[in-house]
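Dear colleague,

I am passing on the structure we spoke of, and I would be glad if you could look it over alongside the notes below.

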Amino acid sequence: MTKAQTQPDARAGTANQFATLLREHWDRAYRFAYHLAGNAQEAEDLVQQASLEAFAAFGRFQRGSRFDHWLMRILHNSFIDGARRAKRKRFVSLEEPGVGALAAPASGDPAAGLETALDGPVLQAVKALPLEFRAAVFLVDLEGYAYEEAAAVMHCPVGTVRSRLHRGRLALREALGDYIDAARRGDL
Amino acid sequence: MRSHPSDLLSGYVDGTLSRAEHVGIEEHLATCIECRKTVDEVRTLQILLRAAPQPTVPPAALSRTLALLEARRSEHRWGVPRWSVAAAAGVAALIVALQWPIDPSPGPDSAKHAGFQSHAEVSLAHPLADMALVTYLATHLPYDFELTSVEPR
């Protein structure tokens, strides 16, 4: 078989391999995108953008390593880039309280309002956290990532993950105090 | 004022501290009601988080993304954008043009004649050669020699 004949087959094989991995980790990537972006429409745009970027860079993906970690890192970077562009326009910080407004549904949008109502109090509280706090809470508390894995996704030191996680948890403790008290009493 | 090992409390709950840190936190917790309460509340919070319903993944979102990926792949299947073909043709034409002798002066300068004949042969052998142009130039330029070895294809 000539080189010209094998190249299209190789490209198709690579595309199929990527599609298989993407299917396998899609739900987790979408959930991460949802927690970062804050609503379904922006979450799909984000995970789609991250998928295109990952496909373009798939040649650099180290076979045998965790595809979900790699994809989540690309997704996180993509969102951070977008948030920084928005920051330059809106003058908001990625780490300070108030950046949760980025995740808030547009006022007057009935679909976004319904989406928020369906989230429930816990998810709403997570969505109101500053960006990097909710990323740490999502990865460690919701997805069970080790600190080192979360640090790789968030591209920061492990100590930073621990700090962001703890501050995020303290903020959630304040927001969900009534639910936590009820759970401790055994009322939930 | 008494200091609390705030950040380390989450690490303590998650079991990610070093042995020395772990022992230090346990000693602190033995005497600090406030931090014991924080640890307890963080553990309860984790239970709430894991029990909370997660966002629903739209069923068609993956299909839409895979279709987009396939479309992008098809766009790049042949690999060469149209602008690069036009640019390559332009560069080739420029190279051929620069190979023509610019000096039209007649005369029995044998070195100049040999150079022109060589150029003509190379140009004719070139896959982008314009036969009509080469023939016209060989016939009409005021050189006093014949292109004996150059036959039109």
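What follows is a short account of the charged side chains and of one backbone feature.

Please keep in mind that this is a predicted model. Over all chains, the count of salt bridges comes to 16. One of them joins A:Asp68 to A:Arg28, with the closest N and O atoms 2.8 Å apart, and this pair links distant parts of the chain, since A:Asp68 lies in helix α3 and A:Arg28 in helix α1 (residues 3-37) of chain A, 40 residues apart. A:Asp68 also forms a salt bridge with A:Arg66, where the closest N and O atoms are 2.9 Å apart. A:Asp68 counts as buried because its relative accessibility, 2%, is under 20%, whereas A:Arg28 is partly exposed at 22% and A:Arg66 is partly exposed at 43%. These three residues belong to a network of salt bridges that also includes A:Arg31, A:Glu143 and A:Glu149.

In chain B, B:Arg73 forms a salt bridge with B:Glu70, the closest N and O atoms being 3.4 Å apart; both residues lie in helix α4 (residues 61-75), three residues apart, or about one turn of the helix. Here B:Arg73 counts as buried, at 17% relative accessibility, while B:Glu70 is partly exposed, at 35%.

Returning to chain A, a positive surface patch is formed by A:Arg84, A:Arg85, A:Lys87, A:Arg88 and A:Lys89, and A:Arg85 is located in helix α3 (residues 67-90).

Finally, A:His155, although not a glycine, has a positive phi of about 55°; A:His155 sits in the loop between α6 (147-154) and α7 (158-175) of chain A and is exposed, with a relative accessible area of 56%.

Conventions:
Residues numbered from 1 in each chain as written. Chains lettered and ligands numbered in written order. Predicted model: local features only at pLDDT ≥ 70, side-chain atom pairs only at ≥ 80, totals over all residues. Heavy atoms only, no water. Patch = residues over 30% accessible without salt bridge, like charges linked within 9 Å, V, L, I, M, F, W, Y side chains within 5 Å. Areas by Shrake-Rupley, 256 points an atom, 1.4 Å probe, with all protein chains shown as cover. Salt bridge = Lys/Arg side-chain N within 4 Å of Asp/Glu carboxyl O. Lys, Arg positive; Asp, Glu negative; His and termini not counted. Charge placed at Lys NZ, Arg CZ, Asp CG, Glu CD. Helix = DSSP H or I, 4+ residues; strand = E, 2+ residues; numbered from the N terminus. Buried < 20%, exposed > 50% of the residue type's maximum accessible area, 1.4 Å probe, protein only.
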